[in-house]
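User: I am new to reading protein models. Please take one part and go through it closely with me.

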Amino acid sequence: MIELLDGNLRLGMRTQHKSGEPTTPGELLAEMDRLGISRALVRDQLAVETDLEHANRRLLDALAETDRLIPACALLPEATGETGTPVETVDEMIARGARGVWVYPTTHGYSLRDWCSGSLLSALETRRVPLFMLWQEVSVDDVAEVLARHEALDVVLTSISYRLNRVLYPLFEKHPNLHVDLAAPNASCGFIEQVVGRFGADRLIFGTGFPDHEAGPAITYLTYADIPDDDKRRIGAGNLQKLIEGVEQ
Amino acid sequence: MSGTRSLAECARLGKRLDDVFVFDVHQHVGAWHPFHIPAPGIDDAVAIMDRLGIDAAVTSGLPAVLGTDTRGGNDAVIDAAARYPGRIFGYVAVNPNDPADAAEEVKRCAAAGLTGIKVHNIHAQSYDHEKYRAAYEIAETRGWPVLTHTWGGEELAEIDKLAEEYPNVRWILAHAGTTNVPGYVNLARRRDNVYLDTCASACYFNLVEKLVTGAGVEKVLFGTDMTFLSGAQQIGKILFARISDGDKERVLGENARRVFNLPE
């Protein structure tokens with residue numbers, strides 16, 4: 001059985017909470033046990049919808065007791081001075097165990113281009129912290145610029161639409177630092193096989209989007225893929241493990 | 001169960017479902033270029049069915065369902081069913097805006113072996129449209145299923161009335177629960193001849209459990225929407241659902257035996 005390391009798990013309640021959705025570390029771990037997911041990189045929904053700084057503190061505190069849940073903090077660009085300088089913030093979060101960063105440019109009302117977010121992106125690039133973003137939060141042109149200007153920054157586009165291949169493939173072609181995860185609505189028929197064949201298995205990261213989405217579809221998308229078992233192992237856990245281990249401490 | 005393993009264990013291992021009858025009520029065939037599909041053809045779909053253990057499927061022609069080439073799309077379905085007898089069955093797509101005679105097209109396709117109707121409201125017409133009704137009359141006489149594209153809106157009320165008017169038709173609501181879960185489960189529970197198809201790119205938390213509990217397990221049918229969507233991705237919501245393996249087997253295929261008049 002291949003190991004699964006989930007790069008896209010959510011802690012906390014969202015504004016439009018659905019009854020029964022897991023929100024605590026214990027509830028997430030119980031679901032991971034049910035599905036055979038060994039570890040996960042976890043983001044906090046509080047950072048998206050209300051208080052980003054409180055969310056980061058809460059996330060780092062809540063996950064300090066378990067090595068199965070790895071925190072991924074949320075950050076803002078520095079111009080408005082809300083969260084300290086990017087270098088200081090990134091230093092602190094890495095010291096407290098974070099191994100990834102999420103940004104929400106549309107929801108938080110800023111541009112990911114260098115004129116607005118350059119210092120934040122450079123701080124992440126310097127420490128080799130992987131950057132995660134929901135594809136709905138960014139334009140493909142912004143993603144293309146980030147990938148081109150920050151070649152040492154690994155970018156993971158999450159929960160992509162099954163209708164994106166015509167823009168994804170040229171980005172894969174030009175930018176080895178682009179990765180995408182397997183969370184719904186990524187459901188393109190034959191996508192995993194074609195991406196592995198054309199661009200290599202290291203471009204795909206296992207991620208479920210749970211509990212926004214059920215995790216089962218992302219699992220079978222991978223386990224039933226028509227690719228070699230070694231590639232399944234890389235996508236299931238190896239690729240994300242490499243990104244996490246690459247963070248400079 | 002599949003052999004000695006649970007269905008969730010099979011899914012986690014990527015093991016083919018050899019000992020379970022799996023029937024996909026929602027596939028498509030034919031060219032489609034508004035977005036890229038890496039594995040678009042009927043041969044791709046059958047290869048995926050082989051890998052997962054999907055025994056058979058019912059398909060419809062994309063150019064007929066969503067485009068303007070009704071006859072050409074339906075011919076692609078006839079060809080696919082002829083190439084894979086017993087594996088691929090076919091729906092006749094009806095386009096209410098096509099000036100051709102809908103009843104004649106259904107009869108032509110029925111003579112070629114197709115055994116159901118597919119309708120889609122992308123054509124901006126009510127499911128109560130007279131051209132659709134010409135097809136429903138034939139479905140009523142033959143006890144056929146009618147697969148309807150739905151998204152939880154006012155079309156549910158239309159189908160509610162039609163289900164009463166055409167009691168021998170088995171009305172299948174595609175993409176059940178994408179929105180308005182109560183609307184779907186209440187309709188399927190109220191009408192004996194209304195069924196829910198699970199295919200959708202996203203599966204929200206506990207959705208399959210809500211459909212099974214709300215509508216009754218016998219009313220939920222497995223669909224993939226291949227090759228629009230990945231069959232491998234779609235089957236995960238059933239195999240990992242928080243329901244018994246017996247109920248998963250009903251959803252995966254046993255319920256479809258009754259709806260599609262398949263042998264036990």
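User: Where is the place of Thr227(B) in chain B?

Analyst: This is a predicted model. Thr227(B) sits in the loop between strand 8 (220–221) and helix 10 (231–239) of chain B. A cis peptide bond joins Met226(B) to Thr227(B), with omega at about 0°. That deserves a second look, because most peptide bonds are trans.

Chain A has a cis bond to set beside it. There, Ala184(A) and Pro185(A) are joined by a cis peptide bond, and omega is about 10°. Pro185(A) also lies in a loop, the one between strand 8 (178–181) and helix 9 of chain A.

Stay with backbone angles for a moment. Most residues other than glycine have a negative phi. Ala124(B) is not a glycine, yet its phi is positive, about 60°. Find Ala124(B) in the loop between strand 4 (116–119) and helix 6 of chain B.

Now follow chain B into helix 6. The axes of helix 5 (residues 102–111) and helix 6 (residues 130–142) of chain B come within 8 Å and cross at roughly 40°. The crossing is right-handed. Which residues meet there? From helix 5 of chain B come Ala102(B), Ala103(B), Val106(B), Lys107(B) and Ala110(B). They meet Lys131(B), Ala134(B), Ala135(B), Ile138(B) and Arg142(B) in helix 6 of chain B. By class, this contact has 7 nonpolar, no polar and 3 charged residues.

Next, step out to where the chains touch. Chain A gives 42 residues to the contact and chain B gives 39. Together the chains bury about 3,200 Å², with 59% of it on carbon and sulfur atoms. Between chain A and chain B there are 20 residue pairs in polar contact, both at pLDDT 80 or more. On the side of chain A that touches chain B, helix 10 of chain A supplies the largest share, 6 residues. That side divides into 19 nonpolar, 12 polar and 11 charged residues.

Side chains of opposite charge can pair when their charged atoms come close. Chain A and chain B share 4 salt bridges. One of them links Arg51(B) and Asp226(A), at 4.0 Å from N to O.

Over all chains, the count comes to 37 salt bridges. Among them is Arg113(A) with Asp142(A), at 2.5 Å from N to O. This pair links distant parts of the chain, 29 residues apart. Arg113(A) is in the loop between helix 5 (105–108) and helix 6 (114–127) of chain A, while Asp142(A) is in helix 7 (residues 140–149) of chain A.

Definitions and conventions. Residues numbered from 1 in each chain as written. Chains lettered and ligands numbered in written order. Predicted model: local features only at pLDDT ≥ 70, side-chain atom pairs only at ≥ 80, totals over all residues. Heavy atoms only, no water. Contact = heavy atoms within 4.5 Å. Buried area = accessible area lost by both parts, 1.4 Å probe. Salt bridge = Lys/Arg side-chain N within 4 Å of Asp/Glu carboxyl O. Polar contact = N/O pair within 3.5 Å; in protein donor to acceptor, adjacent residues only side chain to side chain. Helix = DSSP H or I, 4+ residues; strand = E, 2+ residues; numbered from the N terminus. Nonpolar A, V, L, I, M, F, W, Y, C, P; charged D, E, K, R; others polar. Axes fitted to C-alpha atoms, helices over the stretch in contact; angles between N-to-C directions. Left-handed = near helix turned anticlockwise from the far one by under 90°.
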